[in-house]
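Please keep the sequence and the coordinates at hand while reading.

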Amino acid sequence: MQGSCHCGAVRFTATPPLRPVFVCHCTQCRKTSGHFWAATSVPLDRFQLTHSDGLRWYRSSATARRGFCGGCGASLFWQPDGEDRISIAAGVLDGQTGLHIAEEWFLQDAGDYYTTPEPAEQLTGSCLCGANHFTLPGPMGPVGACHCTQCRKLSGHYSASFDAEEASLTWQQKSIAEYATPGGGRRGFCPTCGASLYFRGADGGFSIEAGAIDNPTGGQLESHIFTADKGDYYDLTDGLPQFKGWD
Ligand SMILES: [Zn+2]
Ligand SMILES: [Zn+2]
Ligand SMILES: [Zn+2]
């Protein structure tokens, strides 16, 4: 099975069988992906990097590191120290995976915008390493989930974001890399930890990855778009409207 980041600077092969997908809602995984994390895993002897120019590692805890692409910011890997295996974001695998979600972890840390929204007058956002901190007026606007190939590659699963006026953000700390997407947009991520932060469309529209905001957000997930490009390893069961394309 093959996988890659969005820009192609990181490519790999993973030889099945791959472990079923585990979903994690912990704060680290939420900031890394911009929504929440879904990963399979494979022993290292069945994993091969075929293109690693873009690969960056961030030591996210005393016992593990996270791999992302320095070129496009795609969230790709999680690797625990001292174990002969690597976790791979399921959304960066190409084509049919035949996998399914088997476990959900750290639901107590899940975002309020896809569980139970809590009131929020001001939103605070940050990346995983702390090099980026910003605030903007709350509550978070309606949250849209996007399952297009670009969002899947960059987030590692699928994206969830809300629109905001870029000028309404106040940055207390800022260290951003921007990836120019094929559609003319710019995708902002932290070059140190790889956290997904924002997207600026070719038309100037600006959206923030919902997982970058610290709870409470006051936002609510509203719909799913580009479900025609959805990964085969998950189902959408929340009852929200689904659209094959934009709408
Ligand atoms: Zn890349
Ligand atoms: Zn960071
Ligand atoms: Zn998308």
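**Strand pairing and overall architecture**

In this predicted model, strand β2 pairs with strand β5 (residues 47–51) in the antiparallel sense, over four bridges. Within this pairing, Ala-14 has Phe-47 of β5 as its bridge partner. Strand β2 also pairs with β1 (residues 2–4), again in the antiparallel sense, here over three bridges. In that pairing Ser-4 is bridged to Arg-11 of β2. The two strands β1 and β2 form a hairpin with six residues between them, and Gly-8 in the turn has a positive phi of about 90°.

In a regular strand the side chains alternate between the two faces of the sheet.

The view may now be widened to the whole chain. The chain contains two helices and 20 strands. Its C-alpha atoms fill a box of roughly 50 × 40 × 35 Å along the principal axes. For 247 residues, a compact globule would have a radius of gyration near 18 Å, and the 17 Å of the chain agrees with this. Buried residues make up 45% of the 247 residues. Of the contacts with a separation of 6 or more, 66% are between residues 24 or more positions apart.

The domain assignment divides the chain into domain 1 (2–105) and domain 2 (113–229). The C-alpha centres of domain 1 and domain 2 lie 20 Å apart. To their contact, domain 1 contributes 29 residues and domain 2 contributes 27 residues. On the domain 1 side, at least two residues each come from α1 (27–33), β4 (37–43), β6 (55–61), β7 (64–69) and β8 (75–80). Helix α1 gives the most to this side, with five residues. The residues of the domain 1 side comprise 13 nonpolar, 12 polar and four charged.

A last point of interest is Gly-138, which is placed in the loop between β12 (133–137) and β13 (143–146). Is Gly-138 buried or partly exposed? Gly-138 has 17 other C-beta atoms within 10 Å and is therefore partly exposed, since a buried residue would need 20 or more. Leaving aside residues up to four places away in sequence, Gly-138 touches Ala-120, Glu-121, Gln-122, Leu-123 and Gly-218. Gly-188 lies 50 residues from Gly-138 in sequence, and the two are 21 Å apart in space, C-alpha to C-alpha.

Definitions and conventions:
Residues numbered from 1 in each chain as written. Chains lettered and ligands numbered in written order. Predicted model: local features only at pLDDT ≥ 70, side-chain atom pairs only at ≥ 80, totals over all residues. Buried ≥ 20, exposed ≤ 12 C-beta atoms within 10 Å, placed from the backbone. Contact = placed C-beta atoms within 7 Å. Rg over C-alpha atoms; globule rule 2.2 N^0.38 Å. Domains from an automatic or database assignment. Nonpolar A, V, L, I, M, F, W, Y, C, P; charged D, E, K, R; others polar. Pairing = 2+ DSSP bridges.
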